[in-house]
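Here is a briefing on the structure shown below. Read it with the model open.

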2 protein chains.
Amino acid sequence: MTSQQKFFLGVDGGGSKCRVLLTDEQGTALGEGISGPANPNQGLDLAINSILCATEQALKDAGLSSDHIDQLYAGVGLAGVNLPKYRRMLEQWDHPFAQMHITTDLEIACLGAHDGEDGAVIISGTGSVGMARVDGEQHAFGGYGFSVGDQGSGAWIGHQAVINSLLALDGLRPVSELVPRLLSHTQCTDAQQLAEKMANLPPSAYARLAPLVIEQAESQQDAIALDILMSAADYINQLSRKLLTYHPPRLAMIGGLATPLHPWLAEDVKPHIKAAIHSPEVGAILFVKQKNAISENL
Amino acid sequence: MTSQQKFFLGVDGGGSKCRVLLTDEQGTALGEGISGPANPNQGLDLAINSILCATEQALKDAGLSSDHIDQLYAGVGLAGVNLPKYRRMLEQWDHPFAQMHITTDLEIACLGAHDGEDGAVIISGTGSVGMARVDGEQHAFGGYGFSVGDQGSGAWIGHQAVINSLLALDGLRPVSELVPRLLSHTQCTDAQQLAEKMANLPPSAYARLAPLVIEQAESQQDAIALDILMSAADYINQLSRKLLTYHPPRLAMIGGLATPLHPWLAEDVKPHIKAAIHSPEVGAILFVKQKNAISENL
């Protein structure tokens, strides 16, 4: 193994976790790593720390020392960098890699889901966003973040559960079983405590409440949970229909909420949704290989 | 004027501003002051600074020197102190007054609105909250803060305007005139910029967008603005009906949104809503006088 040997690193960083994949030049997977939140809107240092931490793990997993970090050609797809402010912050990072190319988690997800070919993708994880990549153009929708968007995401579902539980505890809508379950889960005894505990928590904390809502909705008898999931599905339906207007050859839905939300989607949308071919980390490697090929041909 | 002379200070502190009224023992108004946000959930130092700044003004307005601050019997009603965490923070303040008694902005508003008698009050300003004070008991609803509640408030209306404008700019709901007006008002040219600019702004920044929504709704032709105001009114309707179940002799609605929201309220609710007799600052003075009378009688 010479110092000239190239490795490829694919980074997929979201609001809850960061996953990396390390391959050789031929694309053989050598190692993997996983760490915490890597959305720069939750803090640049936190995002950088998560990327480096997962990279260290992947090197170790591949039986390589930390010194090899300067041989890594990194494709980095991150949530949040659709906002120019956060993209600039990341680009100013004095990174330790041989090369680093940054794009959105959305583009690497789309590249991975369709093996580098044209297609559309919806991500519903902690946040939500959609993109069609067709004929060399990208059309992105949503992804505006927890405080003003991200409808149909895990954080949005958890947030709606809190908002509606507070309304129910005030007697302004009927209480359903979700309400005592949410209080018990958050170790609160009343609305006041719940509001105090949840105020200003990060999106990941709200996303952790989503499984409760899904479970309650699946029982088919919890009106609050059903309302929330129907609203979440309604947004994903609208987003899907918008993406389909660009005639992508394929439409994939990924992220932690993709599988649980699928049964709630409209009948005109469901048949369009296909499985992703590869992970976003593989998409990030396809991305950096494209960038690297371009720079080598210059 | 001896050092024994007592003055009364009524403080009404909300998410956007803090108003104080200074009176003598007979209740004659001597001076007034106004300053910035005094909701401790926006920062304890900011709240304390606003209270002191408005107090200084009131002393000056009354022709009294700053030294008289230790002769003030202060009744302090603040938004946010319904949450025990913020109440405790305020109570630990080493204040400069002769006495300070803290309660919610809600209780002083209710005391002021009904001249110290039983009644109910809804506040819709930057935040929203309701209370019935009947037969020695208080029943409060809402007031859970911008991040998980405050439906029907100025901040909520502004927040909904941003959320719905982003949906419209994504083509997921029809654009109305509110959308270009909001972009122009916030000096943004697209959804991305709007999301970036508004992310994590304080409630007061969102509340400043409410007048745009009201103006657009009043034109009767802006579907987004109409939807938002109808939803805001729906919450206030429900809150009113809840408060009326306690049979308060009077129900008052105060705060910056009270007048603009009134025409949108339901026909069964409107006739119940009466004018407030006094301001919350007067209510704060009624409150500290009650507390002072109790302590003098101990």
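**Sheet with S1 and S4 of chain B**

Gly10(B) stands opposite Gly75(B) in S4(B). The model is predicted. This pair belongs to strand S1 (residues 7-13) and strand S4 (residues 72-78) of chain B, which pair in the parallel sense over 7 bridges.

- Chain B has an open sheet of 5 strands in the order S3-S2-S1-S4-S5. Its pairing is mixed.
- Strand S3 (29-35) and strand S5 (99-104) of chain B are the edge strands. Each pairs on one side only.
- On average, neighbouring strands of this sheet are turned by 15 degrees against each other, direction ignored.
- Strands of a sheet pair through backbone hydrogen bonds, either parallel or antiparallel.

**Helices across this sheet**

- H2(B) lies across S4 and S5 of chain B. H2(B) runs at about 170 degrees to S5(B).
- Helix H3 (residues 105-113) of chain B lies across S1, S4 and S5 of chain B. The angle between H3(B) and S5(B) is about 90 degrees.

**His101(B)**

- Which strand holds His101(B)? His101(B) lies in strand S5 of chain B.
- In sequence, His101(B) and Ala74(B) are 27 residues apart. In space they are 6.4 Å apart, C-alpha to C-alpha.
- The side chains of His101(B) and Gln99(B) make a polar contact at 2.9 Å.

- Another open sheet of chain B has 5 strands in the order S8-S7-S6-S9-S10, with mixed pairing.
- Strand S8 (137-142) and strand S10 (273-274) of chain B stand at the edges. Each has a single partner strand, so one side of each is left without a neighbour in the sheet.
- S7(B) and S8(B) pair in the antiparallel sense over 6 bridges. The bridge partner of Val129(B) in S8(B) is Gly142(B).
- The hairpin of S7(B) and S8(B) has 2 residues between the strands. In this hairpin Asp135(B) takes a positive phi near 50 degrees.
- Strand S9 (residues 251-254) of chain B and S10(B) run parallel and are joined by 2 bridges. Ala252(B) has Lys274(B) as its bridge partner in S10(B).
- Helix H9 (residues 223-244) of chain B lies across strand S6 (119-124), strand S7 (128-134), S8 and S9 of chain B. H9(B) runs at about 165 degrees to S6(B).

**Interface of chain B and chain A**

- How many residues does the contact take from chain B and from chain A? It takes 32 residues from chain B and 31 residues from chain A.
- The size of an interface is often given as the accessible area lost when the parts come together.
- About 2800 Å² is buried between chain B and chain A. Carbon and sulfur atoms give 55% of this area.
- Helix H2 (84-91), S8, helix H4 (154-169), helix H6 (191-198) and H9 of chain B each supply at least two residues of the side that touches chain A.
- Between chain B and chain A there are 8 residue pairs in polar contact, both residues at pLDDT 80 or more. The count of salt bridges across this interface is 0.

**Domains of chain A**

- The domain assignment of chain A gives domain 1 (7-115 + 277-297) and domain 2 (154-274).
- The contact takes 8 residues from domain 1 of chain A and 5 residues from domain 2 of chain A.
- The centres of the two domains of chain A, taken over C-alpha atoms, are separated by 29 Å.
- Domain 1 and domain 2 of chain A bury about 470 Å² between them, 64% of it on carbon and sulfur atoms.
- Between these domains of chain A there are 2 residue pairs in polar contact, both at pLDDT 80 or more, and 0 salt bridges.

**Salt bridges**

- Over all chains the count comes to 12 salt bridges.
- One salt bridge joins the side chains of Asp227(A) and Arg173(A), at 2.9 Å from N to O.
- This pair links distant parts of the chain, 54 residues apart. Asp227(A) is in helix H9 (residues 223-244) of chain A. Arg173(A) is in the loop between helix H4 (154-169) and helix H5 (178-185) of chain A.

Conventions: Residues numbered from 1 in each chain as written. Chains lettered and ligands numbered in written order. Predicted model: local features only at pLDDT ≥ 70, side-chain atom pairs only at ≥ 80, totals over all residues. Heavy atoms only, no water. Pairing = 2+ DSSP bridges. Helix = DSSP H or I, 4+ residues; strand = E, 2+ residues; numbered from the N terminus. Contact = heavy atoms within 4.5 Å. Axes fitted to C-alpha atoms, helices over the stretch in contact; angles between N-to-C directions. Domains from an automatic or database assignment. Buried area = accessible area lost by both parts, 1.4 Å probe. Salt bridge = Lys/Arg side-chain N within 4 Å of Asp/Glu carboxyl O. Polar contact = N/O pair within 3.5 Å; in protein donor to acceptor, adjacent residues only side chain to side chain.
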